[in-house]
Amino acid sequence: MPDTSPDLELKLASVLDTLSCGDLDEHETTRIVNLCLQARKAPAEILSSNYGKDAAQVAQYDPKGVTAFIIFVELEDFFAVADTVDELHEQIIAAFESPELPDYPYDDNNFETVSDYFQWLEAQLLAHHPKYCLIHFGQSYSHDFQTVLIYRDKAGQFLALCKELGLEAEPCQ
């Protein structure tokens with residue numbers, strides 16, 4: 001049985017609050033939640049009217065990803081999006097004023113896989129910004145990485161809620 005609208009609204013608002021680390025105001029949250037709810041009924045039309053005809057293709061090619069797409073586009077400033085881990089790392093560094101995370105270790109690493117990088121990054125976050133963790137959210141249709149920093153203490157609940165809502169989200173590991 002699908003969520004009732006008020007319950008779904010609260011769950012989507014919780015997702016937005018977590019992804020923005022509480023930086024969205026109530027009006028902005030309500031606006032985005034309403035877009036997500038409208039897109040459940042008319043995905044191609046809502047995507048086209050709000051984001052253009054190209055965006056409407058998401059409804060055709062990835063109908064389950066429409067809500068995550070809307071959330072990503074609306075919260076894009078909170079995300080780190082890149083094609084390489086060093087580009088991604090530069091964006092993650094920029095998210096913090098101080099203390100700074102170490103620069104990407106171009107000449108001093110033993111990364112054999114992306115997972116190796118994410119393990120190194122997790123250790124850096126724990127050492128310098130322990131209240132944050134990095135997750136993948138949604139499906140990027142144009143980049144290899146679409147990640148966002150969220151509060152670590154909310155990660156488990158957030159990932160469970162995303163699973164319940166059918167939103168693609170997982171820890172960066």
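**View 1. Ala44 and its neighbours in a predicted model.** Leaving aside residues up to four places away in sequence, Ala44 touches Ala56 and Ala59, where contact means heavy atoms within 4.5 Å. This is a predicted model, in which local features need pLDDT of at least 70 and side-chain atom pairs count only at pLDDT 80 or more, while totals for chains, interfaces and linings use all residues. Residues are numbered from 1 along each chain as its sequence is written, and side-chain values use heavy atoms, with hydrogens and water left out. Ala44 belongs to helix H3; helices (H or I, at least four residues) and strands (E, at least two) are DSSP runs, numbered from the N terminus. The C-alpha atoms of Ala44 and Ala56 are separated by 4.7 Å, although the two residues are twelve residues apart along the chain. With a relative accessible area of 31%, Ala44 is partly exposed, a class lying between buried (under 20%) and exposed (over 50%), as found with a 1.4 Å probe on protein chains only.

**View 2. The packing of helices H3 and H4.** Helix H3 (residues 43–51) packs with helix H4 (residues 53–61) at an angle of about 160°, their axes lying 7 Å apart; axes are lines fitted to C-alpha atoms, for helices over the stretch in contact, and angles run from 0 to 180 degrees between N-to-C directions. That makes H3 roughly antiparallel to H4, the term for angles over 145 degrees. On the H3 side the contact is made by Pro43, Ala44, Leu47, Ser48 and Tyr51, and on the H4 side by Lys53, Ala55, Ala56, Val58 and Ala59.

**View 3. The four-stranded sheet.** Four strands form an open sheet in the order S1-S3-S2-S4, with antiparallel pairing; two strands pair if DSSP finds at least two bridges between them. Strand S1 (79–82) and strand S4 (169–171) stand at the edges with a single partner strand each, so one side of each is left without a neighbour in the sheet. From one strand to the next, the twist averages 35°. Helix H8 (residues 155–165) lies across strand S2 (132–137), S3 and S4, and runs at about 150° to S4.

**View 4. Strand S1 beside strand S3.** S1 pairs with strand S3 (residues 145–151) in the antiparallel sense over four bridges, and the bridge partner of Val81 in S3 is Gln146. Phe79 and Val81 point one way from S1, whereas Ala80 and Ala82 point the other way, and all are buried.

Methods: Parallel < 35°, antiparallel > 145°, perpendicular 65-115°, else oblique.
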